[in-house]
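Please keep the structure open while reading.

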Amino acid sequence: MAIRTEYRYVVTDESGDSFIDGTRISVAQIARALDFGKHAAESDIEKLVNAYPAGYLTRSKVHEALAYFFDHREDVLSHLRPFPPSHAVQDEKGNYVIKG
């Protein structure tokens, strides 16, 4: 169940993880993709928006996700999941294991 925030496009779930409303794109994913705000030029944001189907993610949603990130930095970072290594696979429990 999505819990409304004071942000138009950002909701949280029961665990406190924040997402773009109507998607499973987390604020942490957006922050990470834009190097935690260090690479948030319009061209970087446009590349991120274009990585998704048309209308799924907009520049407004990305800007608001970054605002939410800066206002709730510690909470968002606490929900950040590490990237699995490229040679990892998920086991039956959903854990990443190194294959090889």
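**A charged residue and its surroundings**

Leaving aside residues up to four places away in sequence, Asp13 touches Met1, Ile3, Phe19 and Arg24, where a contact means heavy atoms within 4.5 Å. The model is predicted, so local features need pLDDT of at least 70 and side-chain atom pairs count only at pLDDT 80 or more, while totals for chains, interfaces and linings use all residues. Residues are numbered from 1 along each chain as its sequence is written, and side-chain values use heavy atoms, with hydrogens and water left out.

Asp13 sits in the loop between β2 and β3; helices (H or I, at least four residues) and strands (E, at least two) are DSSP runs numbered from the N terminus. Asp13 is buried but has no salt bridge. Buried means under 20% relative accessible area, exposed over 50%, and partly exposed in between (1.4 Å probe, protein chains only). A salt bridge requires a side-chain nitrogen of Lys or Arg within 4 Å of a carboxyl oxygen of Asp or Glu. For Asp13, the nearest side chain of opposite charge is Arg24, 4.4 Å away; Lys and Arg count as positive and Asp and Glu as negative, with His and the chain ends not counted.

Three bridges join β2 (residues 10-12) to β3, and Val11 stands opposite Phe19 in β3.

The largest nonpolar core has 19 residues, and Val27, Ile30, Leu34, Leu57 and Val62 have the most contacts inside it. Such a core is a set of buried Ala, Val, Leu, Ile, Met, Phe, Trp, Tyr and Cys residues joined through side-chain atoms within 4.5 Å. Helix α3 gives the most to this core, with five residues.

By the rule above, there are three salt bridges. Asp21 and Arg4 meet at 2.8 Å, N to O. Asp21 lies in the loop between β3 and α1 and Arg4 in strand β1, so this pair ties together parts 17 residues apart in sequence. Glu42, Glu46 and Arg59 are linked in a network of salt bridges: the closest N and O atoms are 3.8 Å apart for Glu42 and Arg59, and 2.9 Å apart for Arg59 and Glu46.

Notes: Two strands pair if DSSP finds at least two bridges between them.
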